[in-house]
Amino acid sequence: MFPIHRRHQELLLDALPIERTGIDLEEFNNNIKDYNGFHAFNGVGVGVAVGTGENGLEQLSLQDKITADCRTLRRTRSLNAPSPFQQFGPCGRIMKNQAVVMQIQDPASQRLTWYKPPLTVLVIKKVRDTTVLAPFVQLVEWLVQEKHMVVWVESAVLDDPLLVEDKKFKNIKEKLVTFKDGRDDLTDRIDFIVCLGGDGTLLYASLLFQHSVPPVMAFHLGSLGFLTPFEFENFQEQVTNVLEGHAALTLRSRLRCIIYRKSDRSRETESDYQAKNSYNYQTDGGHYSTKGGDGTSKKGETNILVLNEVVIDRGPSPYLSNIDLFLDGKYITSVQGDGLIVSTPTGSTAYAVAAGASMIHPSVPAIMVTPICPHSLSFRPIVVPAGVELRISISPDSRNTSWVSFDGRNRQELLHGDCLRVTTSIYPVPSICAQDQITDWFDSLAECLHWNVRKKQKCLDELCDLTASGSEDTLDDLDRVNDSILDS
C-alpha cells in the first residue's frame with residue numbers, strides 16, 4: 001500500500017469536518033493505510049459501521065471518521081476540474097445561492113446512460129442532397145426492422161421524388177411517423193436523435209427542441225464536420241454501442257435570447273416589466289406573449305435558444321452600427337462597427353473565429369463577445385462567464401437601426417428602444433462523441449481548419465548534409481567576395 005501524498009493529506013483534512021488540532025500527518029497516514037483508506041479515497045468503500053444518531057459521527061474514532069467521509073466526499077476525476085468542496089482556508093467559503101442554474105462537471109465524467117431503453121428515434125437528413133438518400137434509407141430500414149424502434153422523420157422528407165421511387169423505402173414508408181416543423185411539438189416524444197449531413201443538421205435539431213434536447217448522434221455526410229464526428233461505414237456497430245450506453249457526451253451550451261420591444265414595454269408598468277423578466281428567466285426556452293397595435297394577443301417567437309451564435313449587424317444601412325453593451329445591468333461599452341457576435345464555445349469555430357476570436361472547447365462554460373470589423377483597433381474579442389446576462393440595445397444617438405439573427409435564422413430588425421437579452425440556457429445539447437471530448441475536438445480542428453498544419457522544419461542532420469554537398473567556401477571567403485564586388 002502506497003502512502004498518501006502529504007498535499008493530498010492536507011486537502012483531505014480540509015474537506016472533513018474534523019478538528020485539525022493535534023493531528024499528526026504521519027499518524028494520519030498510518031491510520032489510512034491500516035484501514036485501506038487509499039481505496040476508500042478513490043471511491044471504493046470499506047466495511048465500517050457508521051452511527052445514525054446526531055452524535056453518531058462524533059463517537060467514531062479518527063480513522064473511522066476519515067474512511068466514512070471519504071466514501072461521500074470524493075474529488076473529481078480530473079485534477080483541473082472544480083473541487084466539490086466549497087470551503088477555502090479555515091474561515092472562507094462560497095455563499096450559498098438558491099438561484100444556481102447550472103453545475104460545472106468534470107468533462108471526463110460525462111457519459112451517456114439510459115434509465116430505460118430508448119424506443120423512439122428522430123432521423124434528420126440534409127436537405128437537397130442526393131448523396132444522403134441511400135444512407136438515409138439504409139439507416140431507417142435497419143432501425144425499423146432490426147432494432148424495432150419508432151422512427152420519426154420530417155414530413156417534407158417523404159415528398160422527395162427520389163425517395164418515392166426507391167423500392168426499399170416503399171416497404172417501410174408506412175411505418176414512419178412524420179412531423180411538420182413549426183406545427184408539431186416534439187417535446188418528450190423523442191428519445192434519441194440521429195443526424196445525417198453536415199453541421200447544419202445539428203443546428204436544425206437544436207432549433208426543433210427549445211427545451212430539453214435528447215442525445216444527438218451526428219454522422220459526417222456533409223461539407224463540414226465540426227459537429228459530426230461519426231463516419232457512416234459501420235453505423236450498425238456505432239448506433240448499437242450508443243443504444244447500449246457506451247458513449248461519451250459533450251454538453252454543448254446554448255444561448256437564451258429574448259427580444260423586448262419598446263412598443264410592448266410602453267403599455268406596462270416598470271414592476272410588471274421586472275416581473276415578466278423574472279418569469280422568462282425561469283421558463284427557459286418558452287414563448288414571450290406580446291400585444292399588437294389592435295390590442296389582440298399574439299405569441300411572438302422572441303425567446304429563442306441558439307447553439308452557435310446570435311449576430312447583431314447594421315443590415316443594409318451604410319452607416320456604422322452603434323450598439324450599447326451591458327453586462328449584468330452595468331454599462332460596458334458601445335460597439336461601433338459592422339456589428340457584434342455573441343457566441344457559445346461551440347460557435348467559437350464558426351462566425352466568431354472568422355471575425356478574429358479565439359477557439360474555445362465546447363465544455364468550457366463561457367460566452368464569447370466578438371465585434372465585427374470594429375471602428376477601434378483596440379476593441380478585441382472577450383470571453384465572459386457563462387452565468388452573466390448580456391443586454392444589447394441600439395444607442396439613442398445611433399444613425400440607423402440594427403438587425404439580429406439567431407443561428408442564421410429568424411432575422412428581424414432591432415429598433416431604437418428595443419432590447420436583446422442573452423444568457424446561457426439551462427438546456428444544453430448533449431452531443432455524442434465518437435471517441436471522447438478532447439480527441440473529437442482536436443480532430444475536427446485539424447481536419448476542418450487545418451489548424452497548425454505546416455511544413456515540418458528540417459532537422460540539423462539534414463542541414464549538415466546540404467552544407468556538405470555544397471560549396472566548400474567559408475563565410476569569411478563569401479564576405480571578401482561581396483566586399484570586392486561593392487568596391488568595384
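How do β6 and strand β7 (residues 216-220) pair, and over how many bridges? They pair in the parallel sense, over five bridges. Two strands count as paired if DSSP finds at least two bridges between them. Strands (E, at least two residues) and helices (H or I, at least four) are DSSP runs, numbered from the N terminus.

This is a predicted model, in which local features need pLDDT of at least 70, side-chain atom pairs count only at pLDDT 80 or more, and totals for chains, interfaces and linings use all residues. Residues are numbered from 1 along each chain as its sequence is written, and side-chain values use heavy atoms, with hydrogens and water left out.

**Strand β6 and its partners**

Six of the six residues of β6 (residues 192-197) are buried, so the strand is largely enclosed by the rest of the structure. Buried means under 20% relative accessible area, exposed over 50%, and partly exposed in between (1.4 Å probe, protein chains only). β6 also pairs with strand β3 (residues 120-125), again in the parallel sense over five bridges. K125 stands opposite L196 in β6. I193 stands opposite V216 in β7.

**An antiparallel sheet**

Six strands form an open sheet in the order β18-β17-β16-β13-β20-β21, with antiparallel pairing. Its edge strands, β18 (382-385) and β21 (409-414), each pair on one side only. Within the sheet, β16 (residues 339-343) and β17 (residues 366-372) pair over five bridges. L340 stands opposite P371 in β17.

**Aromatic pairs**

The whole structure holds nine aromatic pairs. Rings of Phe, Tyr and Trp (its six-membered ring) pair if their centres lie within 6.5 Å; planes under 30 degrees apart count as stacked, over 60 as edge-to-face and the rest as tilted. Two of the pairs are edge-to-face:

| Pair | Centre to centre | Angle between planes |
|---|---|---|
| W142 and F235 | 5.5 Å | 85° |
| F326 and Y331 | 5.6 Å | 70° |

W142 lies in helix α5 (residues 133-145) and F235 in helix α9 (residues 235-243), 93 residues apart. Both W142 and F235 are buried. F326 is buried, at 14% relative accessible area, whereas Y331 is partly exposed at 49%. W142 and F235 also belong to one aromatic cluster with F219, F230 and F232.

**The chain overall**

The protein chain has 15 helices and 23 strands. Buried residues make up 43% of its 488 residues.
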